[in-house]
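Subject: Structure for your review

Hello,

Here is the structure I said I would pass on. Please look through it alongside the notes that follow.

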Amino acid sequence: IDKEGYAAALPHCRRLLRPGGLLVADNTAFPEAQPFNTAMRASGDWRDCNFLAHLPNHSPSIDGLCIALRL
């Protein structure tokens, strides 16, 4: 899905993943993914960590990866 749809998909991800399941979302440092990041942090259902991409031809200021554990 596009970054703009990440936040709307989060409740579905929670429903589909068992506790201990892993959610991986790409491009989470883009401004369009900010509602997702906000919803993820506000929820008590996830333990998340965002990583910035330090790869060739990637901008660490906008390209990120979120790895979240379903609690």
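The largest nonpolar core has ten residues in all: Y6, L10, L23, A25, A33, F36, M40, W46, C66 and A68. Helix 1, strand 1, helix 2 and strand 3 are the elements that give two or more residues to this core. This is a predicted model, and everything below should be taken in that sense.

Leaving out residues up to four places away in sequence, L23 touches L10, C13, L17, F36, M40, W46, C66, I67 and A68.

On the overall fold: the protein chain has two helices and three strands, and along the sequence these follow the pattern α-β-α-β-β. The strands form an open sheet with the order 1-3-2 and antiparallel pairing. Strand 1 (22–26) and strand 2 (46–52) are the edge strands, each pairing on one side only. On average, neighbouring strands of this sheet are turned by 15° against each other, direction ignored.

Strand 1 and strand 3 (residues 64–70) run antiparallel and are joined by five bridges. Within that pairing, V24 has I67 in strand 3 as its bridge partner.

- Of the 71 residues in the protein chain, 25% are buried.
- The accessible surface comes to about 4,600 Å², and carbon and sulfur atoms account for 60% of that.
- Among contacts with a separation of 6 or more, 57% are between residues 24 or more positions apart.

Last, confidence. The mean pLDDT of the protein chain is 91, and 89% of the residues score at least 70. Helix 1 has the highest confidence, at a mean of 97, and strand 2 the lowest, at 91. Where pLDDT is low, the predicted coordinates should not be read in detail.

Regards

Key: Residues numbered from 1 in each chain as written. Predicted model: local features only at pLDDT ≥ 70, side-chain atom pairs only at ≥ 80, totals over all residues. Heavy atoms only, no water. Helix = DSSP H or I, 4+ residues; strand = E, 2+ residues; numbered from the N terminus. Buried < 20%, exposed > 50% of the residue type's maximum accessible area, 1.4 Å probe, protein only. Contact = heavy atoms within 4.5 Å. Areas by Shrake-Rupley, 256 points an atom, 1.4 Å probe, with all protein chains shown as cover. Pairing = 2+ DSSP bridges. Axes fitted to C-alpha atoms, helices over the stretch in contact; angles between N-to-C directions. pLDDT = per-residue confidence, 0-100. Core = buried A, V, L, I, M, F, W, Y, C linked by side-chain atoms within 4.5 Å.
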